[in-house]
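Have a go at each task before you read its solution.

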Amino acid sequence: MNNNITFLVVGGDLRQIYTASALSENFKVYAAGFDNNVSLPQRIISVGSSLDLPEKADYVILPLPATLNSIFVNTPFCRNNIPLTSLTSVLKDDGLVLGGKLDAATIKIFNKCGIEAIDYFDREELNVLNAVPTAEGAIQIAMEEMASTIFGQRVLITGHGRISKVLMKILNGMGAEVTVTARKYSDLAWAEIYGCHGIHTSSLKDCIRNFSLIINTVPAVILNEDILKEASAESLIIDLASKPGGVDFDTARRLGLKVVWALSLPGKVAPVSSGEIIASTILNILKERRYTDG
């Protein structure tokens, strides 16, 4: 273990605990923002919410998302609030803050004190690897909500991003008949190479009735009233898009369609893997900085 480098992991859900656990295999790790009823690995040193560290930290690791209001750290496992401003005093002079989905106001808090803040959620490797638990979680929901097997289902995936690519691979392997909609004809060509059907988004209204399972990955309201009116009443719609989502939920409810808005699946279905992905991404960032700094 390298005791010369210290991390302070603050707040977050189960992912943050497993991030701390992964980092503690090689470094000294303190944890704040977890009440006594939360079990932490023995090698992690808990400092509660008081931030009473015996030494200053080299790095502060904030959760994903780092904050819900740009004032306090996101601490779902802690009764006490931890102000973002309180973290500026626990870092070494050349310390660094790393967090997920950092907004401009949060970054400004640290920058005003001469502290650099980096958003690890911007990293491509994290988002690529996070697509796996997201896709697996969506399929788990489908298997729980549907009375039929995935094998033989006609599945529609809207969008051709990272999550869609993983979904295509898994669903094909499970024997589903998969169709992908996209706006770019190059994406439709890739869908066919993946062994799926490709349909342009402009044709979505004409074909949506043919599918028993619809999984949206597009972060815009693509399944609007005009399209939802054509969907089968027996279909299941799973929306994986972040807020505001990709489904007109009010219309879906009025039409009696079954919709599951599945947010933050990595932290819910695979917190161990998700925490390890975050830890690996953080170490990649630090390695690149050391290389750049010579």
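Buried means under 20% relative accessible area, exposed means over 50%, and partly exposed is anything in between (1.4 Å probe, protein chains only). You're working with a predicted model, where local features need pLDDT of at least 70, side-chain atom pairs count only at pLDDT 80 or more, and totals for chains, interfaces and linings use all residues. Residues are numbered from 1 along each chain as its sequence is written, and side-chain values use heavy atoms, with hydrogens and water left out.

**Exercise 1.** Find T19 and work out whether T19 is buried or exposed.

Solution. Step one: go to helix α1 (residues 14–23), where T19 sits. Helices (H or I, at least four residues) and strands (E, at least two) are DSSP runs, numbered from the N terminus. Step two: check the accessibility; T19 has 0% relative accessibility, so T19 counts as buried. Step three: list the contacts (heavy atoms within 4.5 Å). Leaving out residues up to four places away in sequence, T19 touches G275, I278, A279 and I282.

**Exercise 2.** How many residues apart in sequence are the parts tied together by E124 and R162?

Solution. First the distance: the two side chains, E124 and R162, form a salt bridge at 2.8 Å, N to O. E124 is in helix α3 (residues 124–145) and R162 in helix α4 (residues 162–173), so the parts they tie together are 38 residues apart in sequence. Now the accessibility: E124 is partly exposed at 44%, and R162 is partly exposed at 38%.

**Exercise 3.** Where do D226 and K205 lie?

Solution. These side chains meet in a salt bridge, D226 with K205, at 3.2 Å, N to O. D226 lies in helix α7 (residues 225–228) and K205 in helix α6 (residues 204–207), so the pair joins parts that are 21 residues apart in sequence. D226 is partly exposed at 37%, and K205 is partly exposed at 34%.

Terms used:
A salt bridge is a side-chain nitrogen of Lys or Arg within 4 Å of a carboxyl oxygen of Asp or Glu.
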